[in-house]
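Let's take a friendly walk through a protein model, from its overall fold down to one helix. Have a look at it first, and then read on.

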Amino acid sequence: MNIRDDFPILQRTSRGKPLVYLDNGATTQKPQQVIDTIDRYYRQHNANVHRAAHELAEEATALLEECRNKAQAFVNAAHRESMIFTRGTTEGINLVAQVIEDKIQAGQDIVISQLEHHSNIVPWQLLAQRTGANIKAIDIDEHGDLDLGSAASLITENTALLAITHISNGLGSVNPVANLVEQAKQVGALTLVDGAQAVLHARIDVQAMDCDFYVFSGHKMFAPTGIGILYGRLELLNALPPWQGGGEMIDQVSIEASTYQQAPFRFEAGTPNIAGCAGLGAAFDYIDGLPMEELIRQEEQLVNRALSGLKQIPGLRLIGEPNKRASVISFLLGGGHPNDVGTLLDQQGIAVRSGHHCNMPLMTRLGIPGTVRASFSLYNNEADVDALLAGVEKAATFL
Ligand SMILES: Cc1ncc(COP(=O)(O)O)c(C=O)c1O
């Protein structure tokens, strides 16, 4: 199935060449359906939510609350109240890192991994500094998969929290998150899964995964920037303190003190990103209408085609050959700096990312400054792969 025609930006050129967009790990393009919904929201429905007794406010509130229902269905959560609107993955993780502070004791361990994005490292470092906890990182093996022996030795009775990525943004490794969550549960630890890279590439089922928290960003799944979702286990959310104070999150306010709403409102102070919710709702609908399994399979075939082509290019070194890979291919070319390779590809209209990909500890672990990263989405096609291969071959002649 070809969904390219739904994405108007894919018709444009870049540097005078047809655009080959392979930077989907950074952000995805938006289908017309999402663009139209945001446009319609501002033309027809714009109002503040939950507040006024007028028709526009009712419509805006319905758009936002319907998006919450769709988010619930998307991750198969048991309760719609578990779905909290955030700015994105980063904000979701920071929210959790603030509200669980009382559950972390000095000397306990916060277990992450060498594969984590800075968003799933730095908030825990800040929490560790406030609480006196230690950060420990599960190592990777020579393929770029998590080393399960290392995981088993780090997840102990002393673990307060396991915070782990579902899919690595640097290498594409798909982690056995349900298995790791189970190990963490056995020792009584809290669990958070960073789903930023998983949303279009894996089926997400938070009940099957049994994690306490799951976070993702709308912009990596065809929705606008500035909107994301934090899923939290409902009993846990309702036992945690708020993180920001303001309108919407309160029950009663006096000058001296306030009482708070239950989840989700407890964690949604102030006017939310209503247009973003409308756009995210449209993205959920759009994805719902797609034959996802077929498209994911097609994407896997493209990634495999790209991998076999890249392997033929002299001087090209793949970085990471995980057992199960989704969407992402990282590589180095000859002695060339990743940024130079990125620039040479850009000149040919090919958009990839180069650098450390907010994975500095991973790059240090691998002993490299960064990589060139091609990351695929459901609208990429064989022509994109062929352009990438030709582009890299050409770049190789300059390096
Ligand atoms: C694995 C992972 N975690 C977290 C993030 C941060 O997402 P955002 O910048 O949308 O908050 C990203 C973004 O690239 C990511 O790939």
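Take the contacts to begin with: 71% of those in the protein with a separation of 6 or more join residues 24 or more positions apart. Two residues are in contact here if their C-beta atoms, placed from the backbone, lie within 7 Å.

Keep in mind that this is a predicted model, where local features need pLDDT of at least 70 and side-chain atom pairs count only at pLDDT 80 or more, while totals for chains, interfaces and linings use all residues. Residues are numbered from 1 along each chain as its sequence is written.

**The whole protein**

The protein has 13 helices and 17 strands (DSSP runs, numbered from the N terminus: H or I with at least four residues for helices, E with at least two for strands). Its radius of gyration is 22 Å, close to the 21 Å that the globule rule gives for 399 residues, so the protein is as compact as a globular protein of that length. That radius is taken over C-alpha atoms, and the rule is 2.2 Å times the number of residues to the power 0.38. Of the 399 residues, 49% are buried. A residue is buried if 20 or more other C-beta atoms lie within 10 Å of its own, exposed if 12 or fewer, and partly exposed in between, with C-beta atoms placed from the backbone.

**Two domains**

The protein is divided into domain 1 (4-30 + 291-398) and domain 2 (34-288), with bounds from an automatic or database domain assignment. Their centres, taken over C-alpha atoms, are separated by 28 Å. The contact takes 27 residues from domain 1 and 30 residues from domain 2.

**A closer look at helix α4**

Which residues of helix α4 (residues 122-131) are buried? They are P123, W124 and L127. Seen down the axis of α4, these buried residues fall within an arc of 95°, so they line one face of the helix; the arc is that of the directions from the helix axis to the C-beta atoms. On the other side of α4, L126 and Q129 are exposed. The buried residues pack against α3 (89-99), β5 (109-113), β6 (134-138) and β7 (159-165). Just after α4, G132 takes a positive phi of about 85°.
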